[in-house]
Amino acid sequence: MNKKTLSTRAIAYVALFIAMQLVLEVLFKVIPGQPQGGSITLSLLPIVLASYLMGAQYGVIVGVGATAMQFVLGLASYYGPWSVVLDYLVPLSALGIAGFIPNFKLGKTEVYTGIFVGMILKFISHLLSGAVLFVSYAPKNMNPWVYSFLYNIGYNVGTLILTYVVFALIYPKLQKAFKAI
């Protein structure tokens with residue numbers, strides 16, 4: 001993609017990835033989630049795909065755009081302005097940087113390090129949100145950081161595994177198709 005101008009093709013791809021993220025977000029709402037939000041989902045895949053296929057700057061744009069559209073369409077649940085930042089804007093934008101992180105090979109297998117880094121940053125943002133903003137939900141006498149860690153780790157690890165596996169299966173084919181365009 002041309003880094004000096006935002007082409008019509010790039011705008012169309014960004015819109016497509018945002019739409020894919022929203023569709024997957026809605027489809028995965030059928031899977032029960034945590035009481036204050038958070039569930040295992042594949043809706044992060046389009047953000048990561050945009051980052052790897054188009055570049056990290058586009059991944060971040062897709063993350064921010066998807067965040068905005070979730071609020072416009074009423075898909076987001078938030079508990080104040082810091083919740084918007086820590087539960088939506090930072091985590092989805094952090095995933096957008098995945099394409100910036102170099103991959104490495106483990107034998108013949110490509111390891112997509114950016115997905116791990118993006119998901120760790122997402123988890124840290126949710127951890128901070130839970131410990132600071134949702135402290136009132138922690139059981140009595142439980143450290144809010146421990147509560148937030150336990151609350152957020154399960155669905156974040158599940159999402160990481162699901163996203164990584166599907167990405168690893170489809171990215172090589174999409175990468176070839178993207179280069180042909």
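This text goes through a predicted model from the whole chain down to single residues. Local features need pLDDT of at least 70 and side-chain atom pairs count only at pLDDT 80 or more, while totals for chains, interfaces and linings use all residues. Residues are numbered from 1 along each chain as its sequence is written, and side-chain values use heavy atoms, with hydrogens and water left out.

The chain has 6 helices and 2 strands, taken as DSSP runs (H or I, at least four residues, for helices; E, at least two, for strands) numbered from the N terminus. Their order from the N terminus is α-α-α-α-β-β-α-α. The chain is as compact as a globular protein of its length, because its radius of gyration is 17 Å, close to the 16 Å given by the globule rule for 181 residues. That radius is taken over C-alpha atoms, and the rule is 2.2 Å times the number of residues to the power 0.38. The C-alpha trace spans about 60 × 40 × 30 Å along its principal axes.

Of the 181 residues, 44% count as buried (buried is under 20% relative accessible area, exposed over 50%, partly exposed in between; 1.4 Å probe, protein chains only). Among contacts between residues at least 6 apart in sequence, 71% join residues at least 24 apart, a contact being heavy atoms within 4.5 Å.

Helix α2 (residues 45–54) packs with helix α4 (residues 81–96) at an angle of about 40 degrees, the axes lying 8 Å apart. Axes are lines fitted to C-alpha atoms, for helices over the stretch in contact, and angles run from 0 to 180 degrees between N-to-C directions. Ile-47, Val-48 and Ser-51 of α2 meet Leu-92, Leu-95 and Gly-96 of α4.

Further along, helix α5 covers residues 113–133 and includes Thr-113. Thr-113 is buried, with a relative accessible area of 18%. Beyond its neighbours within four places in sequence, Thr-113 contacts Tyr-52, Ile-101, Pro-102, Asn-103 and Phe-104.

The structure holds 1 salt bridge, defined as a side-chain nitrogen of Lys or Arg within 4 Å of a carboxyl oxygen of Asp or Glu. Glu-110 forms a salt bridge with Lys-105, with 3.5 Å between the closest N and O atoms. Glu-110 is partly exposed, at 26% relative accessible area, and Lys-105 is exposed, at 54%.
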